Amino acid sequence: MRTALRLCASCLVFLATYYFVYWVPFAFFPFLYQNGVASIVSLLCALGLARHTWRHMGSMPDGLVSNIVSGAMIVGAIGFCGGFFGPILFAPEANQGPLLGIFITGPLGFILGGIGGLVYWLGVKRPAT
């Protein structure tokens, strides 16, 4: 796997994990925000998961299926996040905005990422016969 792709995926995992762990579990314990416990726990979880992503993507095989699956997962996750969180940020009055990420941009990104992984393997990684 290319280093730039590994870095991009690790950064996305870091940001998503940090914000998820910061907001979701600690929403039930508001007194922990004052002590900084939420920030420290979120940072440690995000660093650990980003490190795991970095190491796991470095040891992936370079076959056809792994290229298709990794392309589909990465582009699908980006499409889902853009379609889900974009309407929340840019049009908060639209009550059905996040459905865009669930039903349109996420699945479409998954399909296009799989096709992109196939094209990448056929053009660059195909073993010489």
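Predicted model: local features only at pLDDT ≥ 70, side-chain atom pairs only at ≥ 80, totals over all residues.

Me: Which residues of α1 are buried?
Reply: A residue counts as buried when its relative accessible area is under 20%. In α1 that holds for Arg-6, Ala-9, Ser-10, Thr-17, Val-21 and Tyr-22.

Me: Is α1 roughly parallel or antiparallel to α3?
Reply: The axes of α1 and helix α3, the latter formed by residues 37-58, are 8 Å apart and meet at an angle of about 155°. Because angles over 145 degrees count as roughly antiparallel, the arrangement of α1 relative to α3 is roughly antiparallel.

Me: How do the residues of the contact of α1 with α3 divide into nonpolar, polar and charged?
Reply: The contact belongs to a crossing of α1 and α3 that is right-handed. Its residues divide into 18 nonpolar, 7 polar and 1 charged.

Me: What distance does α4 reach from its first C-alpha to its last?
Reply: Helix α4 runs over residues 64-90 and has 27 residues, for which 39 Å is expected at 1.5 Å a residue. The buried residues of this helix include Gly-76, Gly-79, Gly-83 and Gly-86, as well as Pro-87.

Me: Does Pro-92 count as buried or exposed?
Reply: Pro-92 lies in the loop between α4 and α5, and its C-alpha atom is separated by 37 Å from that of Leu-118, 26 residues apart along the chain. The relative accessibility of Pro-92 is 61%. Since the cut-off for the exposed class is over 50%, Pro-92 counts as exposed.

Me: What is the relative accessible area of Ala-27?
Reply: Ala-27 is found in the loop between α1 and α2, with its C-alpha atom 24 Å from that of Ala-91, 64 residues apart along the chain. Ala-27 is classed as partly exposed, because its relative accessible area is 49%.

Me: Which element has the lowest mean pLDDT?
Reply: The protein averages a pLDDT of 85, and 94% of the residues score at least 70. Among the elements, helix α5 has the highest mean, 90, whereas the lowest, 70, belongs to α2.

Technical notes. Residues numbered from 1 in each chain as written. Heavy atoms only, no water. Helix = DSSP H or I, 4+ residues; strand = E, 2+ residues; numbered from the N terminus. Expected span 1.5 Å × (residues − 1). Buried < 20%, exposed > 50% of the residue type's maximum accessible area, 1.4 Å probe, protein only. Axes fitted to C-alpha atoms, helices over the stretch in contact; angles between N-to-C directions. Parallel < 35°, antiparallel > 145°, perpendicular 65-115°, else oblique. Left-handed = near helix turned anticlockwise from the far one by under 90°. Nonpolar A, V, L, I, M, F, W, Y, C, P; charged D, E, K, R; others polar. pLDDT = per-residue confidence, 0-100.
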